[in-house]
Amino acid sequence: MFLPKMYQKNIYEIPYDKLKKEGIKCLVFDLDNTLRYIDEKEPSEQVIKLIRKLEKNFIVLILSNSLKKGVLSYKEKLQIDGIAHAKKPSIKGPKEIAKRYQLKPTEMAMIGDQLLTDILAGNRFGAYTIYVDALGNKDLKITYLNRFIEKRIINHYSRKGKFKRGAYYGK
Ligand SMILES: [Mg+2]
């Protein structure tokens, strides 16, 4: 349930044309440490450029566990739809998006830097899941425990030869 279908270093390394060919219509990005460093208030030029490009081929959204205020201003500046306070690994968020845009779970890709929230939510929902390395070392306070558990999960998978930090796959 915690294993992503694809693992890449960051959102710029993801082979989006491959996703398109595989029938993905919607990209659901996590915010903190996926699109932005956690203390970044405004989207970087690089993010804006990527999102504008992706919008030509996909419905693009943000699904964040962060509280509304910070997410709202960021997504408004980025001019995309999104849901804050999503409580991932709850599947309420992806469900809401599927309903809003009339999508099947298999037409959605969920992209994020946490196995315990982003990837678990995506897998539970039946979406395509893409794990990326966290942009920064800093996390929100509530994430510290998740990171601790995540490390143990990765160690477990790593011993079984299923997943290794830095061993990217899925291109
Ligand atoms: Mg995150």
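In what order do the elements of the protein chain run from the N terminus on?

**View 1. The whole protein chain in a predicted model.** From the N terminus on, the order is β-α-β-α-β-α-β-α-β-α-β-α. The chain holds 6 helices and 6 strands. Along the principal axes, its C-alpha atoms fill a box of roughly 40 × 35 × 30 Å. The radius of gyration is 15 Å, which agrees with the value near 16 Å that a compact globule of 171 residues would have. Of the 171 residues, 40% are buried. Among contacts with a separation of 6 or more, 65% join residues 24 or more positions apart.

**View 2. The largest nonpolar core of the model.** This core has 42 residues. Leu27, Val28, Ile62, Met108, Ala109, Ile111 and Ile130 are those with the most contacts inside it. At least two core residues come from each of the strands β1 (6–8), β2 (26–29), β3 (59–63), β5 (108–112) and β6 (128–132), and likewise from each of the helices α3 (68–78), α4 (92–101) and α5 (115–125). The largest share, 5 residues, is supplied by α5.

**View 3. The surroundings of alanine 109.** Neighbours within four places in sequence are left aside here. Alanine 109 is then in contact with Leu19, Ile24, Leu27, Val28, Ala127, Tyr128 and Ile130. Ala109 is also among the residues with the most contacts inside the largest nonpolar core.

View 4. Just after α3 comes glutamine 79, with a positive phi of about 55°.

**View 5. Helix α4 and its two sides.** In this helix Gly93, Pro94, Ile97 and Ala98 are buried. The arc they cover around the axis is only 135°, so they sit on the same side of α4. Their packing partners are β2, β3, β4 (81–83), β5 and α5. The other side of α4 carries the exposed residues Lys95 and Lys99. Glutamine 102 follows α4, and its phi is positive, near 55°.

Notes
Residues are numbered from 1 along each chain as its sequence is written. This is a predicted model: local features need pLDDT of at least 70, side-chain atom pairs count only at pLDDT 80 or more; totals for chains, interfaces and linings use all residues. A nonpolar core is a set of buried Ala, Val, Leu, Ile, Met, Phe, Trp, Tyr and Cys residues joined through C-beta atoms within 7 Å. A residue is buried if 20 or more other C-beta atoms lie within 10 Å of its own, exposed if 12 or fewer, and partly exposed in between; C-beta atoms are placed from the backbone. Helices (H or I, at least four residues) and strands (E, at least two) are DSSP runs, numbered from the N terminus. Two residues are in contact if their C-beta atoms, placed from the backbone, lie within 7 Å. The arc is that of the directions from the helix axis to the C-beta atoms. The radius of gyration is taken over C-alpha atoms; the globule rule is 2.2 Å times the number of residues to the power 0.38.
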